[in-house]
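Q: I'm new to this one and would like to learn how to read it. Could you walk me through it?

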Amino acid sequence: MSATAAPVPKRRVDAPLQAPWPEQGLLEVFRHRYILTLLVRREIAARYQGSVLGLVWSYVNPLSQFFIYYFVMGILFGRAQRTEAFAIHVFAGLIIVHFFIETMNAGTRSIVRNKSLVQKMAVPREMFPVASMLVSLFHVVPQLMILLVATVISGWQPDPVGMVFAGLGLLISMTLGTALALMFSAANVFLRDVSNAVNVLSNFVRFGVPMVYPYTLVALRFRGHTTLYLLNPMTEAVLSFQRAFWVGATSDPAHTATADMPPHLFWLSIRALLMCVLILVVAQRMFTRLERRIPERLL
Amino acid sequence: MSDNRSIVVRHVSKTFTLRYHRTLKQMSVAVMRQQELTDSFLAVDDVSFTIRQGESIGLMGLNGSGKSTLLKMINGIMRPDSGKVLTRGRVAGLIATGAGFHAQLTGRDNVYLNAAILGMSEAETRRKFDDIVEFADIGKFLDSPVGHYSSGMFARLGFAVAIHVDADIFLADEVLAVGDRPFKRKCLAKMQEIRDSGTTLFYVSHAAGSVRKMCDRVLVLEKGRLTFDGPVDKGIAFLHYDDDEENALDTEEELDEEMGADI
């Protein structure tokens, strides 16, 4: 029992008496926008501090992948002869795939890597995977610039329908990437194996989408049974992005849009987006459940 | 009757699970040898107390008695397994200096980051930036990467940010352990200032001398249970209760001086 007399409060606090832990959830993350931007900036700055080439390295990885794919699949396998503007086809897909895989991998490790912050900072913990996604998004911009240079040279012109598709493609990748980053980042705290499993998953993503091969190949080989292939939201994301940038770079865009793309691509993409939103809701639920135990498991 | 309660802790308990074996191989070996796989550890055991706005509380106890865990729950980092914790207003926790300090970023960037972590908006940080830098007294190192700082500079910068947060509740966890005498003197003077402005002070320390100076009420934790809650002199006497008769209060000052904690 306290034996001291109550001190006269010199300070009047106009706030309710409530639990000190912040509300969690993705919506709360947007409420803490300022810290989020600082985290993203810190991540980006820290990645290139002390390195001479700095930001250049974030291009080297995707560009080297692109050259390898183009040489092996395009020239060695001869796909470049059978698919028009194959380089653009590959690179447009690569931007989306690379963004998604980066988000997934960095996001999975985000909470464990920021161990010291998580244990000292009372913020919604969704912030860390979201920050990973935003950092990957930051790197999409310069890659997009390169793509635009290539497409404009090939005779591409921006069209409103294409831009809608580009937006859809990005949105699907962002949503699914964040959802998986949420789930995996929390799971990774309890089972460090998750980050290894995600690495393996990344390989499936690289080849499960029509990036290094055109969709027409799948349509031909699995005629009538493409439903499963098209159920993968990343397929739609890649196809949408190609619809936006690759189709216009071919000699007959109107023909390519119908012949080389699956029918009703727009509605397929909308469906994919809705699926991803659903997955995000599930991921948020799962994160909330696991979040309670994260601080002590990070020790 | 106005309610000036600042911190309310009601029947709070927290258990940690100690995992002895992590990999599948280790676990199967342990099962075959009939060893325990996990054990639970009750860090905080049914602790209750109420603190009013403006009080300054010292939290004392041996290492491992649950002080840091309790502090983390008040700070909002961990949640209790049972019971409830309530706070009023902005809580600034100096759980460990340099939280979020990124070694590659400059001191300047880290000040903004740390301030944001402690709840300050960008405008507020900009306003107080000069005061913070002056308090930290690290000179031209402000614009060089934090990785180059000595541990003292590190502590000074972290403390400088936290002390300027203008919080309603200020939590300090053994932060003065790092730092030389002039620094400790400065910090304690500043904490006194904060205390005088009506902020609730929650101070964790082993140094009885500084607790006596800073606080008017003491809470003692022993193995997770709250065993004492009362005036500071009685509290410190309670702590030395188990000591030999010879090691009475008159050697307390000597002990503190050895540890450099006599300020």
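This is a predicted model: local features need pLDDT of at least 70, side-chain atom pairs count only at pLDDT 80 or more; totals for chains, interfaces and linings use all residues.

**Reading the sheet and its surroundings**

A: Let's start with a strand pair: β3 (residues 56-61) and β8 (residues 217-222), both of chain B, run parallel and are joined over five bridges. Strands here are DSSP runs of E, at least two residues long, helices are runs of H or I of at least four, and both are numbered from the N terminus. Two strands pair if DSSP finds at least two bridges between them.

Residues are numbered from 1 along each chain as its sequence is written, with chains lettered from A and ligands numbered from 1 in the order in which they are written.

Q: In what order do the six strands of the open sheet lie?

A: Follow β5-β6-β7-β3-β8-β9 in chain B, with mixed pairing. At the edges sit β5 (91-94) and β9 (225-231) of chain B, each pairing on one side only.

Q: Which helix packs on the sheet?

A: Contact means that C-beta atoms, placed from the backbone, lie within 7 Å. By that test, α2 (residues 67-75) of chain B touches β3, β5, β6 (169-173), β7 (200-204) and β8 of chain B.

Q: Why is helix α3 of chain B called largely enclosed?

A: A residue is buried if 20 or more other C-beta atoms lie within 10 Å of its own, exposed if 12 or fewer, and partly exposed in between, with C-beta atoms placed from the backbone. Ten of the eleven residues of α3(B) (residues 107-117) are buried, so the rest of the structure largely encloses this helix. Among the buried ones are B:Tyr112 and B:Leu113. The buried residues of α3(B) pack against α2 (33-48) of chain A, along with α4 (122-136) and α5 (151-163) of chain B.

Q: What about phi?

A: Most residues other than glycine have a negative phi. B:Asp166 is not a glycine, yet its phi is positive, about 55°. You'll find B:Asp166 in the loop between α5 and β6 of chain B, and B:Asp166 is partly exposed, with 15 other C-beta atoms within 10 Å. B:Lys223, also not a glycine, has a positive phi of about 50°. B:Lys223 sits in the loop between β8 and β9 of chain B.

Technical notes:
Two residues are in contact if their C-beta atoms, placed from the backbone, lie within 7 Å. Axes are lines fitted to C-alpha atoms, for helices over the stretch in contact, and angles run from 0 to 180 degrees between N-to-C directions.
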